[in-house]
Amino acid sequence: MRHAPLRIAVVYPDLLGTYGDGGNGLVLARRAERRGIEAELLQATSDRILPRADLYTLGGGEDAPQVQACEGLGESVLADAVSEGAVVLAVCAGYQILGTTFPTADGVQVPGLGLLEVTTRKGPGRRAVGEVVVEAAIPGVGRLTGFENHGGLSALSPRLRALGTVVSGVGNGHGTDGAWAGHLVGTYLHGPVLARNPALADLLLSWATGSDGLDPLDDRREEELRAERLHAALSHRGGRRWWHRG
Amino acid sequence: MSLRTGAAVQATATVNRLSRGLGLGRGTVAGGRLGLAIAPRGLAELAMGRSVALVSGTNGKTTTTALLAAALGERGAVVSNSTGSNMPAGHFAALAGSQRGTAAVLEVDEAYLPASLEALRPAAIVLLNLSRDQLDRSNEVRMVAGRWREALARTEASVVANADDPLVVYGAASAASVVWVAGGARWRADAVGCPACGERITFVGDSWSCRCGFARPTPRINVEERPIGTTAVLADGRRFEVALSIPGSFNRRNAVMAMAAAEALGVPAEASLAAMARIEAVAGRFSVRVVGGIPTRLLLAKNPAGWEELLDVVTPGSAPVVVAINARIADGRDPSWLWDVPFERLAGRPVVASGERSADVSVRLHYAGVDHQRRADPVEAVVLAARLGADGGGKVQFIGNYTAFGDLLGAGAA
């Protein structure tokens with residue numbers, strides 16, 4: 001079912017593009033191309049029907065556009081693609097959309113797409129803003145570094161696995177961040193998360209291509225960035241301005 | 001002046017003198033804060049009897065404030081918060097440090113515009129643009145536009161506003177008197193959702209509209225840009241050449257907005273354009289300084305909209321470029337927005353990633369297909385860029401975000 005070239009769609013960059021997460025699509029496309037895997041990067045704006053793709057990325061956005069995005073995505077292309085094995089990376093507002101319910105700016109709960117059994121509610125305190133470190137539960141991914149900026153607390157159903165355990169920061173708000181089911185990954189990490197964590201990018205690519213053995217790439221720059229950010233977060237120089245415990 | 005405000009003015013002057021004398025700062029904020037603490041309503045009192053003009057928006061405030069101050073300088077003395085201290089403390093310090101009655105041109109942080117309207121009772125207001133800035137602050141630009149709209153409904157000022165930016169139009173349209181100017185807006189990603197109804201805005205050429213009827217107002221001043229020369233074309237048929245010493249299409253369009261505000265305050269367009277043309281640098285921006293022995297053009301861009309405009313300035317030609325990024329509180333702690341900047345346009349020329357977040361810049365450039373080197377120290381970065389560009393191409397172009405730019409200025413760029 002995989003397309004040739006590999007199709008990577010950045011979902012609704014006009015609504016879910018506030019926090020630079022469109023970079024995740026670019027990272028995936030370039031990492032595929034560097035290995036000789038032809039890739040097509042689509043900017044799937046909300047004024048068109050969502051195209052079929054092998055890999056979708058969703059990013060963070062403001063409150064009103066988040067609701068609009070969810071309405072647009074309700075028209076099933078994404079759900080169909082997922083049921084046929086498409087890979088999805090969803091960040092922040094995009095992650096909340098994949099869940100069963102999330103709050104609007106006024107605190108009203110609205111239904112999400114229900115692709116992940118995650119319930120997001122408005123947190124009691126201030127927004128969680130700052131560097132995050134997560135120990136990923138998926139084998140081979142290791143530590144994740146990112147920057148979070150959200151006011152939601154996300155509760156996972158007991159059947160659903162978190163993406164990982166929070167070492168520093170807030171994430172879902174219960175000591176974990178994100179969710180992971182089949183080929184779906186949700187997280188609160190911006191950065192963009194795949195620019196800072198090439199192992200996660202390669203995991204998504206291996207799912208999308210069905211290939212276990214992707215050639216290693218020269219990731220010197222990414223590794224330097226990772227080391228710097230992990231150190232900053234864990235030594236609390238990383239600019240955590242505030243956080244609440246969920 | 002009330003005794004309280006008088007005392008506050010004295011205190012402000014003393015603290016600012018001390019602060020400058022001790023080399024602690026540029027001496028505009030600390031004193032102003034104290035002044036406001038002593039006389040919370042002193043700002044309104046200090047503004048009374050003056051002709052006050054305000055300049056607000058996400059990008060170009062400091063430069064446009066300098067341009068407008070130069071234009072109004074044709075008519076008499078003008079005081080300004082020229083160091084960019086654009087919140088009430090900075091306004092207090094600027095006004096406290098000048099004779100009563102002196103005209104004032106003040107840059108205003110976009111979030112503080114409503115409060116500043118109340119206190120300063122301006123005669124003219126220039127509204128430039130609104131776009132994402134400092135991602136970690138979650139100050140949605142849409143919200144800012146809404147607050148402008150509420151506050152501007154109550155102003156009697158002559159408002160000059162950018163017709164090309166839907167968020168500015170939404171914010172300004174409630175004012176009684178608006179001169180719409182084709183002020184330009186290369187960056188449209190924050191204006192896709194209609195601020196009036198939430199539906200999608202359609203952009204066709206220069207024009208834009210939403211199904212709900214919200215649309216670009218017909219500008220009273222259009223701007224014609226040709227490869228050589230920019231002309232302001234007024235609805236009444238007058239035409240003015242806009243030539244500045246500082247570079248950039250965005251600066252010329254901002255100058256046209258300043259020209260309109262100056263005209264509303266009684267300065268003829270020819271005179272204000274001539275005065276603005278003499279400005280060669282603003283708080284170090286656009287200036288050519290010697291950095292580590294290398295003549296370098298210093299440019300400031302702090303968000304994707306600003307970068308989009310500045311890449312236009314540096315991309316003709318092949319001069320070496322330094323991209324310097326910090327992520328301190330004043331910059332916003334999250335530099336993820338680097339991925340919204342089309343750095344791909346720098347491919348093929350010598351580029352050096354710099355600043356405290358040079359590792360982020362380096363990864364971004366890598367995925368943009370831009371070969372580059374990395375030097376965190378900005379002076380070392382300039383020297384390296386000059387070496388990489390030794391075979392011609394021109395002066396090193398240093399583009400930094402807020403504190404990275406300030407660091408280079410402070411590092412003795414003479």
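In the predicted model, R221(A), E222(A), E224(A), L225(A) and E228(A) of helix 7 of chain A meet A359(B), D360(B), S362(B), V363(B) and H366(B) of helix 12 of chain B. Two residues are in contact if their C-beta atoms, placed from the backbone, lie within 7 Å. The residues of this contact divide into three nonpolar, two polar and five charged. Ala, Val, Leu, Ile, Met, Phe, Trp, Tyr, Cys and Pro count as nonpolar, Asp, Glu, Lys and Arg as charged, and the others, Gly among them, as polar. Helices (H or I, at least four residues) and strands (E, at least two) are DSSP runs, numbered from the N terminus.

Residues are numbered from 1 along each chain as its sequence is written, chains are lettered from A, and ligands are numbered from 1, in the order in which they are written. As this is a predicted model, local features need pLDDT of at least 70 and side-chain atom pairs count only at pLDDT 80 or more, while totals for chains, interfaces and linings use all residues.

Helix 7 of chain A and helix 12 (residues 358-367) of chain B pack at an angle of about 150°, and their axes are 9 Å apart. Helix 7 of chain A is therefore roughly antiparallel to helix 12 of chain B. Angles under 35 degrees count as roughly parallel, over 145 as roughly antiparallel, 65 to 115 as roughly perpendicular and the rest as oblique. Axes are lines fitted to C-alpha atoms, for helices over the stretch in contact, and angles run from 0 to 180 degrees between N-to-C directions.

Between the two chains, 25 residues of chain B are in contact with 31 residues of chain A. Helix 12 of chain B supplies six residues, the largest share of the side of chain B that touches chain A. By class, this side of chain B has ten nonpolar, six polar and nine charged residues. Helix 12 of chain B is mostly covered, with ten of its ten residues buried. A residue is buried if 20 or more other C-beta atoms lie within 10 Å of its own, exposed if 12 or fewer, and partly exposed in between, with C-beta atoms placed from the backbone. The cover of the buried residues includes helix 1, helix 5 and helix 7 of chain A, together with strand 14, strand 15 (351-354) and strand 16 (373-374) of chain B. Just after helix 12 of chain B, G369(B) has a positive phi of about 75°.

Within chain A, helix 7 (residues 220-234) lies across strand 8, strand 9 and strand 11, at about 115° to strand 8. An open sheet of four strands in chain A has the order 9-8-11-12, with antiparallel pairing. Its edge strands, strand 9 (143-150) and strand 12 (176-177) of chain A, each pair on one side only. Two strands pair if DSSP finds at least two bridges between them. Four bridges join strand 8 (residues 128-136) and strand 11 (residues 164-168) of chain A in the antiparallel sense. S168(A) in strand 11 of chain A is the bridge partner of V133(A).

G191(A) and P192(A) are joined by a cis peptide bond, with omega about -10°. P192(A) is found between strand 14 (184-187) and helix 5 (193-196) of chain A. Y12(A), a residue other than glycine, has a positive phi near 50°. Y12(A) counts as buried because it has 27 C-beta neighbours inside 10 Å.
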